[in-house]
Amino acid sequence: MKRKILFGTGFLFVAWAFTSCEALGDCGFCKNVTYENGVVINSGTETEYCGTDLVTQKAKPDVTIGSYTTKVECR
């Protein structure tokens, strides 16, 4: 019985450790925002990114098609 409890506790700890962004220290929330002639017409939902995923999101270039520009904005 003690072995099962120990295994369960260990499993929960490992699951928590792999999904915790705060441990990485460099985290932020990013979303896609679409502008038409400088006015926001669509804003996506924010998603949390950490580490290299955050750097990748910040490095994405703006996409402009006609008068529409889509950017990734992070806070």
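## Two disulfides in a predicted model

The torsion about the S-S bond of C27 and C50 is about 110°, so this disulfide (a pair of cysteine sulfur atoms within 2.5 Å) is right-handed. C27 lies in strand β1 (residues 27-36) and C50 in strand β3 (residues 47-50), so the bond ties together parts 23 residues apart in sequence. Strands here are DSSP runs of E with at least two residues, numbered from the N terminus.

This is a predicted model, in which local features need pLDDT of at least 70, side-chain atom pairs count only at pLDDT 80 or more, and totals for chains, interfaces and linings use all residues. Residues are numbered from 1 along each chain as its sequence is written, and side-chain values use heavy atoms, with hydrogens and water left out.

The structure holds two disulfides. The other pair is C30 and C74. Its S-S torsion is about 105°, so this disulfide is right-handed. C30 lies in strand β1 and C74 in strand β5 (residues 68-74), so the pair links parts 44 residues apart in sequence.

| Disulfide | S to S distance |
|---|---|
| C27 to C50 | 2.3 Å |
| C30 to C74 | 2.0 Å |

How accessible are the cysteines? Buried means under 20% relative accessible area, exposed over 50%, and partly exposed in between (1.4 Å probe, protein chains only). C27 is partly exposed at 28%.

Note on methods: Helix = DSSP H or I, 4+ residues; strand = E, 2+ residues; numbered from the N terminus.
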